[in-house]
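This briefing is meant to be read with the structure in view.

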Amino acid sequence: MDTNRTFTLVPPARLEGYGVRLREWADADLADLVTLYDDPEMARWTPVASPFDLDAARAYLAAAREGQAEGRKIQLAVTTDGLLPRGEALLFRSGSDERDLELAYGIGPAHRGRGLAGRAVRLAAEYAVREIRPRRVVLRIDAANAASEAVARSCAFELTDEPPVRRVSRGREVVLRTWRLRA
């Protein structure tokens, strides 16, 4: 594997396994996006707008499509039936090292506690290794986010000893630890 190259992200035609289906977002999903993201836990752990209303959903979907058109990221609805979005899985070039692929995910409040995040992360990580072939697949997680750290461990990610990554989200600094997919 060439680990010195950057990559362009192209959404998969179909991504299915572990009882989940990941699909592209559609205009018809705007109300579902609001239901998923207008949530205090999403606001706490993700950089999405809060409150998250239809205008925020439209802007979010437009930004997702722009990033996808530029080959920088793929944002996929997490479903169990190919229809109803229950969350989201994101794949994007890492800002720290563009040879790395970063995964992020969120599951809506009504769908948590069912293992959807772990199944979606496993499926997306396997796709990334097989098709995109980045240098590494990483997660960046706030140390206080115990639920996300549990997902990372369950999906064969291990905490690295790299210095924390600092990002600004809604005007506040967020400190994230790096987890990498074990070989």
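Ala156 counts as partly exposed because its relative accessibility is 28%; buried means under 20% relative accessible area, exposed over 50%, and partly exposed in between (1.4 Å probe, protein chains only). The model is predicted, so local features need pLDDT of at least 70 and side-chain atom pairs count only at pLDDT 80 or more, while totals for chains, interfaces and linings use all residues. Residues are numbered from 1 along each chain as its sequence is written, and side-chain values use heavy atoms, with hydrogens and water left out.

- Most residues other than glycine have a negative phi, and most peptide bonds are trans.
- Ala156 is not a glycine, yet its phi is positive, at about 70°.
- Ala156 belongs to the loop between α5 and β7 (157–159); helices (H or I, at least four residues) and strands (E, at least two) are DSSP runs, numbered from the N terminus.
- Arg133, in the loop between α4 and β6, also has a positive phi, near 55°.
- With a relative accessibility of 37%, Arg133 is partly exposed.
- A cis peptide bond runs from Ser50 to Pro51, with omega near 0°.
- Pro51 lies in the loop between α2 and α3.

**Helix α1 and its two sides**

- In α1 (residues 30–37), the buried residues are Leu30, Leu33, Val34, Leu36 and Tyr37.
- These residues lie on the same side of α1 because they cover an arc of only 165° around the axis, the arc being that of the directions from the helix axis to the C-beta atoms.
- Ala31 and Thr35, on the other side of α1, are exposed.
- An α-helix has 3.6 residues a turn, so residues three or four places apart point the same way.
- The packing partners of the buried α1 residues are α2 (40–45), α3 (54–69) and β4 (87–93); contact means heavy atoms within 4.5 Å.

**Nonpolar cores**

- A nonpolar core is a set of buried Ala, Val, Leu, Ile, Met, Phe, Trp, Tyr and Cys residues joined through side-chain atoms within 4.5 Å.
- The largest such core holds 32 residues, and Leu22, Leu91, Leu101, Leu103, Ile132, Leu139 and Phe157 have the most contacts inside it.
- Two or more residues of this core come from each of β2 (20–24), β3 (73–79), β4, β5 (100–107), α4 (116–132), β6 (136–142) and α5 (146–154).
- The element that gives the most to this core is α4, with 10 residues.
- Another core lies apart from it and has 16 residues, including Trp25, Met42, Tyr60 and Phe92.

- Val121 is in helix α4 and is buried, at 3% relative accessibility.
- Beyond its neighbours within four places in sequence, Val121 contacts Leu103, Tyr105, Val151, Cys155 and Phe157.
- Val121 and Leu30 are 91 residues apart along the chain, and their C-alpha atoms are separated by 23 Å.
- Ser148 is in helix α5 and is buried, with a relative accessible area of 15%.
- Ser148 touches Tyr105 and Ile141, leaving out residues up to four places away in sequence.

**Aromatic rings**

- Three aromatic pairs are found in the whole structure; rings of Phe, Tyr and Trp (its six-membered ring) pair if their centres lie within 6.5 Å, and planes under 30 degrees apart count as stacked, over 60 as edge-to-face and the rest as tilted.
- Tyr37 and Phe52 form a tilted pair, with 5.4 Å from centre to centre and 50° between the planes.
- Tyr37 is in helix α1 and Phe52 in the loop between α2 and α3, so this pair ties together parts that are 15 residues apart in sequence.
- Tyr37 and Tyr60 are also tilted, because their ring centres are 5.3 Å apart and their planes are at 50°.
- This pair links helix α1, which holds Tyr37, to helix α3, which holds Tyr60, across 23 residues.
- Ring pairs join Tyr37, Phe52 and Tyr60 into a cluster.

**A strand hairpin**

- Strands β8 (residues 165–169) and β9 (residues 172–181) run antiparallel and are joined by five bridges; two strands pair if DSSP finds at least two bridges between them.
- Arg166 has Val175 in β9 as its bridge partner.
- Two residues lie between the strands of this hairpin, and Arg170 takes a positive phi near 50°.
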